[in-house]
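Look at the sequence and the model below.

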Amino acid sequence: MTRNPRCGKRAGQDLRIGALCTAFLSLFCLLLLLRNSEAAIEYVTRGLRIATKTVIPALFPFMVLSELVVSGALGNVCFFLRPLYRILGLSDAGGCAYLLGLLCGAPVGARCLADAYKRGAIEKRECEYLLAPATVPSSAFLVSAVGTVLWDNARFGVLLLFSTLLSSILLTLFVFRTQKKAETCAPPFAPFLPQSSASLFASAIRSSAETMLTVTAYVVFFSVITGTAELLLTPLSVSATARASLSSLLELSDGMSRISSLGYTKPAALLSAFAAGWGGLSVHCQVQSVCDGSGLSLRPYFLFKVCMALISVLLMLLMLTVFPLRG
């Protein structure tokens, strides 16, 4: 099979253009931070506060438990859910990682999928297509942090959780039940090898702590970028809704906090649903970090995240007709 030299040349040009854009954007952000160093320090503190009050409590325990399930400390628990995986059109390994992503929140699902692919337990296409549906905010974050703390309404947190989970499930059903099955069979779901419970528990704590540190770093960084970018928008008299939308596109926790300040309104609820389905650029970078070196493409991931955001908005709109905000 011969390789088209034009394709290689075009790919090299795309890489150079991407590198130049990244360099100029990084230089711009650096100059922006230097010019507003005091504000940058303030937003670092804000990001750390968000991470310690909402992100870490909502994620860390679930990360440890999911690590124990994947490592085999709890045995072949996911094997018993095989009928559910068959309904969704997933393999055993893919279904297990997907379910953990729904239950535990981002980036647990992406990390489980990447680990399964590296072990050879899941096909590349299934892994790439599942990255987006398996990367959703945790139930503790949506119900407790967003619903109870930010909106002072646990029922809205439940509605937000249902709209996000249903958008993921509907997209998974559509993608895996309608696509043409590959001729090659998926790798079998290999049983977990027995290991020392103490070593597995220590490994789960250590791995989860490392992942949690990375997640916190992304939250803090994007909090600084979002905050300092607002300084450029201040002279332009940009509305609070536009600022909240920009923040939610970049970082979910900070975006949800800003959306809640818009008031207890239907547009704010729909914007929250879109933000939960989209996940934020910070989460996307976390997914990229766990998939780094695996050879997985993130093109389906970004396409499906946009679809999930739109489906979440439609589902929230339908649910608000039955359960109005002030009903």
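At the start of helix α8, a side-chain oxygen of N153 comes to within 2.9 Å of the backbone nitrogen of R155. Such a pair is a polar contact (N or O atoms within 3.5 Å; within protein, one must be able to donate a hydrogen and the other to accept it, and residues adjacent in sequence count only if both atoms are side-chain atoms). Helices here are DSSP runs of H or I with at least four residues, numbered from the N terminus. This is a predicted model, in which local features need pLDDT of at least 70 and side-chain atom pairs count only at pLDDT 80 or more, while totals for chains, interfaces and linings use all residues. Residues are numbered from 1 along each chain as its sequence is written, and side-chain values use heavy atoms, with hydrogens and water left out.

Helix α8 covers residues 154-178. Its 25 residues, at 1.5 Å a residue, should span 36 Å, and its end C-alpha atoms are 36 Å apart, which agrees. The expected span is 1.5 Å times one less than the number of residues.

L170 lies in helix α8. With a relative accessibility of 42%, L170 is partly exposed; buried means under 20% relative accessible area, exposed over 50%, and partly exposed in between (1.4 Å probe, protein chains only).

Next come the charged side chains. Side chains of opposite charge can pair when their charged atoms come close. A salt bridge is a side-chain nitrogen of Lys or Arg within 4 Å of a carboxyl oxygen of Asp or Glu. How many salt bridges does a search of the whole structure find? The search finds three.

One of them joins D254 to R46, with the closest N and O atoms 2.7 Å apart. D254 lies in helix α11 (residues 252-260) and R46 in helix α2 (residues 37-71), so this pair ties together parts that are 208 residues apart in sequence. D254 is buried, at 0% relative accessible area, whereas R46 is partly exposed at 23%.

D254 also forms a salt bridge with R258, at 2.7 Å from N to O. These two residues are four apart in helix α11, about one helical turn, and both are buried.

D92 is buried, at 7% relative accessibility, and R86 is partly exposed, at 43%.
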